[in-house]
Amino acid sequence: MKVDVLSLFPEMFSGVFSQSILKKAQEKNALELRVVDFREFSTNKHRNVDDYPYGGGAGMVLTPQPLFDAVDHLTKEAAVKPRIILLCPQGETFTQSKAEELAEEEHLIFLCGHYEGYDERVRKHLVTDEISIGDYVLTGGELGAMVVIDAVGRLLPNVLGKEESHQEDSFSTGLLEHPQYTRPADFRGMKVPDVLMSGNHKNIEIWRKKESLKRTYERRPDLLEKINLSKEEETWLNEIKDHKTT
């Protein structure tokens with residue numbers, strides 16, 4: 001996958017892109033990352049990328065010219081049409097399913113804005129997706145882009161140590177992940193559940209599914225409204241609910 005980021009502060013990405021999973025993804029040639037300062041595409045003699053909004057109001061608005069020209073430059077020899085993603089508070093809330101959808105693409109371009117927003121023509125005629133990472137406001141789109149790229153990058157083939165690693169993550173199944181334990185089996189009197197040390201893989205799988213349901217019901221019951229449970233899972237969930245009320 002090829003990922004281009006348009007930002008006024010490209011140095012913000014150097015640490016994130018050179019560490020951990022994103023570093024590994026690049027070393028395995030699964031991911032090619034590039035950050036471009038779109039100020040370089042400004043035709044203004046002062047290299048300005050923002051201007052006062054028509055109609056008045058506080059703050060400045062990003063002008064369309066540098067962003068359109070930067071995208072034209074990045075795509076002039078592109079073999080496939082990229083997804084062009086705008087990071088903004090008005091966008092679709094980012095989810096694991098969105099990450100999985102984007103992980104199927106060959107080329108992504110992220111637009112990271114600042115100031116009071118973008119000229120509306122950028123939204124209407126340039127971007128394909130608008131994404132928000134939550135209901136709060138950040139200084140710019142850089143941190144949001146980092147979050148999305150990290151979530152997408154780890155889903156690419158051969159990036160994680162085991163292919164099934166991301167398939168069992170929270171939200172990948174629609175549920176929160178089950179509890180995890182490691183050595184020692186007894187730490188300060190706090191013991192690992194016996195089933196996990198039993199060697200019975202079927203019982204372990206059942207325990208994990210039940211615990212995943214329990215954790216989701218207790219912490220994010222809203223997620224249960226969005227997935228289709230099997231009859232067995234519905235029975236387990238009813239048992240969990242009954243236990244909570246007794």
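The model is predicted, with local features needing pLDDT of at least 70 and side-chain atom pairs counting only at pLDDT 80 or more, while totals for chains, interfaces and linings use all residues. Residues are numbered from 1 along each chain as its sequence is written, and side-chain values use heavy atoms, leaving out hydrogens and water.

**Exercise 1.** Work out which residues of helix 2 are buried and what covers them.

*Solution.* Start with the helix, residues 20-27; helices are DSSP runs of H or I, at least four residues, numbered from the N terminus. Next, pick out Ile 21, Leu 22 and Ala 25, which are buried (under 20% relative accessible area, with a 1.4 Å probe and protein chains only). These residues cover an arc of only 100° around the axis, which puts them on the same side of helix 2 (the arc is that of the directions from the helix axis to the C-beta atoms). Now turn to the face away from that buried side: Ser 20 and Glu 27 are exposed there (over 50%). Finally, look for the cover, which includes helix 1 (14-17) and helix 6 (142-153) (contact means heavy atoms within 4.5 Å).

**Exercise 2.** Describe how helix 7 and helix 8 pack.

*Solution.* First, take the two numbers: helix 7 (residues 201-219) and helix 8 (residues 231-245) pack at an angle of about 55°, with axes 10 Å apart. The axes are lines fitted to C-alpha atoms over the stretch in contact, and angles run from 0 to 180 degrees between N-to-C directions.
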